[in-house]
Amino acid sequence: MTTLLNVKDVSKQYGQDTLALSDVNFSVEEGEFVSIIGPSGAGKSTLLRCINRMINVSSGDITFDNESVVGLKKKELRRLRTNIGMIFQHYNLVERLSVIENVMHGRLGYKSTFAGILSLYKEEEKEHAVHLLKLLGLEDQIYKRCDQLSGGQKQRVGIARALTQNPKLLLCDEPIASLDPNASKKIMDYLQNISVSMGITVLVNLHQVDVALKYSDRIIGVSGGKIVYNDSPEQMTQEKIKTIYGSEADDLIAAAGDKNAV
Amino acid sequence: MLLFCAVSYGAMIFTQFNAVKGFTSIPSAIQWGISNFYPAAHSFEKLPAILNKLLETILTAIAASTIAAVFALFFSVFGSKITKVNNILSIMSRGVATLFRNIDVAAWALILLFSFGQSVLTGYFALFFVSFGFLTRAFIEVLDEVGESSVEALKATGASYPMIILKSVIPSSTPQMISWILFMIEINIRSATLVGILTGTGIGFSFDLYYKNLDYNTASLVVLTIVVSILILEYLSNYVRRVIL
Ligand SMILES: Nc1ncnc2c1ncn2[C@@H]1O[C@H](COP(=O)(O)OP(=O)(O)O)[C@@H](O)[C@H]1O
Ligand SMILES: [Mg+2]
């Protein structure tokens, strides 16, 4: 196994007094499915965005694919981002455009500004996009406008857009937080499939412990900007959930218990 | 409310406006209007000339609005907090917009009379400046409201700044922007009439001419054509809005 991502001593300070991340260390192997869990405000979104430099770290270093991302200049940064797909809680699509147009946006990072603006996509790029949409069960929606889709369908468009990038890593920031249980399960199954069949490494922020336990190779627990758990799901105990979630833990355990009962 | 009454009473004393006399003169004004201010048969001979001037005014208003929209688009992209390049440009473009917007169209016309004299250009630029200020402000608001979400997504794919603007921000905001441009054209046709009186061009000039020659019948026909054209335009732009929004 080779290490794809290495986060070393990373801290992030917002303004004067918000320390969102403090001395975070972890690494991710190629092909791994890793969940980051923790209460809201723990620093999960910040951590994810430091990896593709949507947010700049205050100190520390991040290596992706044997290259430090921290010092990258504009052009190299664009190249780095083409290798990292990102999926969002609110899908972040251009709602007025069609499904296929949104999916093709995943190719923009590879293009010159001129070719990108004029949508000069190659035939095989379009075929690949259609192929991905079929894999995600969206073949009947290809020319529909995104504002006519359900939440689960929108998230699948978001996944297709990320996959057209041919990424080595997928960053997912609470991908199921706005979806109902059925759609949530579907999206998580797709992500797991992608990880296994395409060999893409997946790093996913989650609020729900039970989902993390079910799908992950490894779980990273974040609390107050620090990593407090970094191990396989089998090692997770109620005590450890309490250290991650603090006072929120009881509700979460109760909710997980309810689901098991059903 | 009390304060409002006091201020308005104070203003009446200050300007020696007599409320009673003001209200009692309304019936006689209406009576005058009915007996003089209607199109007569001889007015309709002037109709082709009036329509010609009306067309000139409408075209000036449309040209000023659309060219202003192009400039406003650039400035608003620099001004909006979502798409700004840096803070200095953002503050500068907001400042320029505020300045141009807050000078009234009549004031612009008077200022520009010095440079261009009584010509179509004076009216055109007066409308252009006000539209530019207004539309920049409106577009900034539209861009801010479109939000950061798809901008963030495109940035994360490695897209460059011009791509992000043209592939995500503009497609999301065109309907609202077109709606504002249509609104601006409506406003400008009204303003163009007023500005025309000052600059001696277009339909405003026609009205002024007939009115001062005491040809109230023809002057009323001018007003009628303006009202009809504004109603038609409003209908058209409502239709366009329904289709695009
Ligand atoms: N842009 C920002 N400016 C200032 N503070 C921020 C910003 N983004 C996040 N924070 C703060 O950083 C902390 C971590 O936030 P976040 O990474 O969004 O947590 P999570 O995703 O786990 O809910 C929170 O205290 C939040 O208020
Ligand atoms: Mg978050």
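How many salt bridges are counted between chain B and chain A? The count is 1, a salt bridge being a side-chain nitrogen of Lys or Arg within 4 Å of a carboxyl oxygen of Asp or Glu, and B:Glu152 and A:Arg49 form such a bridge through their side chains, at 2.6 Å from N to O. This is a predicted model, in which local features need pLDDT of at least 70 and side-chain atom pairs count only at pLDDT 80 or more, while totals for chains, interfaces and linings use all residues. Residues are numbered from 1 along each chain as its sequence is written, chains are lettered from A and ligands numbered from 1 in the order in which they are written, and side-chain values use heavy atoms, with hydrogens and water left out.

Across the interface, 20 residues of chain B are in contact with 26 residues of chain A, where contact means heavy atoms within 4.5 Å. The buried area (the accessible area, taken with a 1.4 Å probe, that two parts lose on being put together, summed over both) is about 1,900 Å², and carbon and sulfur atoms give 63% of it. On the side of chain B, the residues that lose the most area to chain A are B:Thr157, B:Met163 and B:Lys167, together 32% of what that side buries.

Now consider helix H5 of chain B, residues 105-116, whose 12 residues reach 15 Å from the first C-alpha to the last, close to the 16 Å expected at 1.5 Å a residue; helices here are DSSP runs of H or I with at least four residues, strands are runs of E with at least two, and both are numbered from the N terminus. The expected span is 1.5 Å times one less than the number of residues. Buried residues (under 20% relative accessible area, against over 50% for exposed and partly exposed in between, with a 1.4 Å probe and protein chains only) of H5(B) are B:Val105, B:Ala106, B:Trp108, B:Ala109 and B:Leu112. They cover an arc of only 145° around the axis, which puts them on the same side of H5(B), the arc being that of the directions from the helix axis to the C-beta atoms. These buried residues pack against helices H4 (87-102), H6 (120-146) and H8 (161-199) of chain B.

Finally, most residues other than glycine have a negative phi. A:Glu174, however, has a positive phi near 45° and is buried, at 15% relative accessible area, whereas B:Leu214, with a positive phi of about 60°, counts as exposed at 59%.
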